There are 2 protein chains.
Amino acid sequence: MAKLSVREKIVAAAAERFHALGYNACGVQEIVDAAGVPKGSFYNYFKAKELLAREVLNNYWAGAGLEILADKSIGPLERLRRHFQHIASRYKKFGFENGCLVPKFMHEVSDSTPLLRTDLRRQVARWTALIAEAIREGQTDRTISNSIDAETTARFLIESWGGVTGAMKLAASRAPIDDFFSVAFGTLLQPSVPASRQRKTRV
Amino acid sequence: MAKLSVREKIVAAAAERFHALGYNACGVQEIVDAAGVPKGSFYNYFKAKELLAREVLNNYWAGAGLEILADKSIGPLERLRRHFQHIASRYKKFGFENGCLVPKFMHEVSDSTPLLRTDLRRQVARWTALIAEAIREGQTDRTISNSIDAETTARFLIESWGGVTGAMKLAASRAPIDDFFSVAFGTLLQPSVPASRQRKTRV
């Protein structure tokens with residue numbers, strides 16, 4: 001493995017420590033201790049903890065599989081399923097008891113972290129737009145229920161996912177994610193008449 | 001207003017500070033400063049921060065309106081709706097930007113807070129059981145969809161509620177709660193044939 005630069009050490013240590021402790025409880029001292037770098041060097045790279053947190057959050061989003069949602073070569077319902085399965089597989093790797101960085105930060109942002117709040121709002125808005133687009137596409141090809149509103153459902157899926165990951169942390173297991181898949185894909189997005197039967201009817 | 005005892009001052013200050021900062025970021029010093037009591041007196045009342053957090057959490061649950069869920073004089077669907085409306089009205093009082101203490105703690109519990117984790121698991125299990133019971137009752141009287149599993153849906157409603165409150169904090173508005181009501185009561189729990197029409201059919 002290539003040797004990490006001081007900057008990379010700080011970012012990697014911060015990702016792990018923010019995940020474990022949350023944003024507010026994890027100070028600069030905690031991060032430089034974990035990174036094994038002197039505290040003075042921190043401020044050569046980041047003017048404030050919030051700017052480091054933005055970079056950690058950006059890296060985290062980069063692995064969230066949003067490109068799966070945008071991949072039109074896959075059917076919309078399958079895209080949605082694969083996207084959420086991809087995120088769930090990341091949690092497995094991190095350990096379910098670590099939860100998810102995004103809702104963790106959501107529960108912590110405030111007036112004193114305006115940059116982090118702005119980033120989170122923009123990232124969540126983009127995620128919502130991609131999910132809503134997949135839902136609308138699925139409603140057009142009748143693989144997704146037409147009795148739901150695409151925008152509201154997209155927002156709700158994301159909102160509920162944040163809670164599912166908190167419950168996953170509390171249970172230290174994948175079970176709450178299974179509940180999400182069961183309700184979202186087994187009920188909420190399901191067309192009232194199965195698509196397979198609709199196709200037969202039209203033949 | 002009756003003068004608060006030192007103990008009451010500590011509990012009230014901790015409730016406010018845990019809500020604002022989270023469990024990990026809020027130390028004993030922060031709490032005694034907010035309560036205006038000397039740090040030494042803290043340990044006369046609480047052997048550890050975690051024991052104080054348990055008491056704060058218990059008080060918080062006491063106001064969660066679980067008794068509404070158990071009130072069999074109200075129809076099951078209406079009970080569910082009133083219960084969640086009751087919690088939402090509390091958030092309005094606290095300020096939507098403060099989020100909810102329960103999922104906030106969920107995202108923070110770990111091996112180092114075993115008592116808090118045990119309490120949360122027990123409280124959430126009780127909450128789930130009451131919601132599942134209301135759903136089953138609604139399925140029997142056909143005011144709630146029979147195509148959903150009562151236990152899975154009860155767990156999912158609670159899990160998703162935790163995420164909705166994180167989104168509410170991020171947005172500093174009630175909008176995510178409206179998404180929850182729209183999806184939960186407008187789609188998920190809805191019987192596929194409206195109850196009003198079923199009744200007409202049977203007349």
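This is a predicted model: local features need pLDDT of at least 70, side-chain atom pairs count only at pLDDT 80 or more; totals for chains, interfaces and linings use all residues.
In the loop between helix 9 and helix 10 of chain B lies Ala172(B), where helices are DSSP runs of H or I with at least four residues, numbered from the N terminus. Phi of Ala172(B) is near 50°, a positive value in a residue other than glycine. Ala172(B) is partly exposed, with 16 other C-beta atoms within 10 Å; a residue is called buried if 20 or more other C-beta atoms, placed from the backbone, lie within 10 Å of its own, exposed if 12 or fewer, and partly exposed in between.

Residues are numbered from 1 along each chain as its sequence is written, while chains are lettered from A and ligands numbered from 1 in the order in which they are written.

A positive phi is also found at Arg142(A), which has a value of about 65° although it is not a glycine. Arg142(A) lies in the loop between helix 8 (114-140) and helix 9 (150-171) of chain A, and Arg142(A) is partly exposed, with 15 other C-beta atoms within 10 Å.

Helix 1 of chain B, residues 6-21, has 16 residues and reaches 22 Å from its first C-alpha to its last, close to the 22 Å expected at 1.5 Å a residue, the expected span being 1.5 Å times one less than the number of residues. Among the buried residues of this helix are Ile10(B), Ala14(B), Arg17(B) and Phe18(B), and what covers its buried residues includes helix 2 (28-35), helix 3 (39-45), helix 4 (49-62) and helix 7 of chain B. Helix 1 of chain B is followed by Gly22(B), whose phi is positive, near 90°.

The domain assignment of chain A, in which bounds come from an automatic or database assignment, gives domain 1 (6-56) and domain 2 (63-195). The centres of these two domains of chain A, taken over C-alpha atoms, are separated by 28 Å. Nine residues of domain 1 of chain A are in contact with 10 residues of domain 2 of chain A, two residues being in contact if their C-beta atoms, placed from the backbone, lie within 7 Å. On the side of domain 1 of chain A that touches domain 2, helix 1 (6-21) and helix 4 (49-62) of chain A are the elements that give two or more residues.

The largest nonpolar core has 104 residues, a core being a set of buried Ala, Val, Leu, Ile, Met, Phe, Trp, Tyr and Cys residues joined through C-beta atoms within 7 Å. The residues with the most contacts inside this core are Phe105(A), Ile131(A), Phe105(B) and Ile131(B). When residues up to four places away in sequence are not counted, Phe105(A) touches Tyr23(A), Leu57(A), Leu116(A) and Leu120(A).

Between the chains, 39 residues of chain B are in contact with 39 residues of chain A. The largest share of the side of chain B that touches chain A, 14 residues, comes from helix 9 of chain B. Chain B can be laid on chain A with an RMSD of 0.0 Å by a turn of 180° and a shift of 0.0 Å along the axis, with copies superposed by least squares on the C-alpha atoms of residues with pLDDT of at least 70 in both. That is the relation of a two-fold axis. Of the interface residues of chain B, 100% are also interface residues in chain A, so the copies meet through the same surface.
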